[in-house]
Amino acid sequence: MDDLKTSILLYIHHFGIYDSIAYSWLLVTFFLLLFLAILLIHKSPKISFLFIILALILLFAGPPTLKSMLASAIRPIKVKDIRVQRLHFSQTLILEWKVQNLAQIPLKDCKTKLIVDKSGDSIWSQLIHPSGVILKKMFYTNHVMKPGEVIENRRIFNDFNNNDDINVSDISIETECY
């Protein structure tokens, strides 16, 4: 729950003009749909009900969709060159990757969600590892990335008590920068 709270606070802290315009448009559209539903309730209850359903879908699906669209349009980044190393003499997992700023603006704060998932794509792999998630971490960095700059990241996880071989395909890294 703390990760969700911190993510929301980080996003609100970096709320820009495009974010304000997009969310204002979302609220205006939501209230317009509700107003149309109220106007049409006596003439056509089915269409009024449809407008209410559309307004609720817009209210719940709109903010995450806008957030991802704004992130890909205004603050695009690319995660590349993921490398994994497992030290078998100690229970240590080392992950290295690069993050490139593809935006036209400098980005300062980054939130990275790292998941090591061994479930795989096949049915047999999912039966062997039903939960799949071996490691799930979220961390924040505060480093100014200029446009086009590439930053190398490295995380060392001690006491990694899993005997399975970890491949690059088992690792998912999602990074958002503001």
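With which residues is leucine 114 in contact, leaving aside its neighbours within four places in sequence? In this predicted model, the contacts of leucine 114 are Leu95, Trp97, Leu135, Lys136, Lys137, Phe139, Phe157, Ser172 and Ile173.

**Nonpolar cores**

Leucine 114 also belongs to the largest nonpolar core, which has 19 residues. Together with Leu93, Leu95, Trp97, Leu135 and Met145, Leu114 touches the most other members of that core. Strands β2, β3 (107–117), β4 (133–145), β5 and β6 each supply at least two of its residues.

Serine 48 is found in helix α3 (residues 45–74). Its relative accessible area is 1%, under the 20% limit, so serine 48 is classed as buried.

**The sheet**

Three strands form an open sheet in the order β1-β2-β5, and their pairing is antiparallel. Strands β1 (77–87) and β5 (150–158) have a single partner strand each, so they stand at the edges, with one side of each left without a neighbour in the sheet. From one strand to the next, the twist averages 15°. The antiparallel pairing of β1 with strand β2 (residues 92–101) runs over nine bridges. Lysine 80 stands opposite lysine 98 in β2.

**Valine 168**

Valine 168 lies in the loop that runs between β5 and β6 (171–177). With a relative accessibility of 39%, valine 168 counts as partly exposed, because this value falls between the limits of 20% and 50%. Beyond its neighbours within four places in sequence, valine 168 is in contact with Ile82 and Val84.

| Residue | Relative accessibility | Class |
|---|---|---|
| Serine 48 | 1% | buried |
| Valine 168 | 39% | partly exposed |

**Confidence**

The protein averages a pLDDT of 86, and 91% of the residues score at least 70. Confidence is highest in helix α2 (residues 17–39), with a mean of 94, and lowest in helix α4 (residues 123–128), with a mean of 58. Where pLDDT is low, the predicted coordinates should not be read in detail.

Methods: Residues are numbered from 1 along each chain as its sequence is written. This is a predicted model: local features need pLDDT of at least 70, side-chain atom pairs count only at pLDDT 80 or more; totals for chains, interfaces and linings use all residues. Side-chain values use heavy atoms; hydrogens and water are left out. pLDDT is the predictor's confidence in each residue, from 0 to 100. Helices (H or I, at least four residues) and strands (E, at least two) are DSSP runs, numbered from the N terminus. Buried means under 20% relative accessible area, exposed over 50%, partly exposed in between (1.4 Å probe, protein chains only). Two strands pair if DSSP finds at least two bridges between them. Axes are lines fitted to C-alpha atoms, for helices over the stretch in contact, and angles run from 0 to 180 degrees between N-to-C directions. Contact means heavy atoms within 4.5 Å. A nonpolar core is a set of buried Ala, Val, Leu, Ile, Met, Phe, Trp, Tyr and Cys residues joined through side-chain atoms within 4.5 Å.
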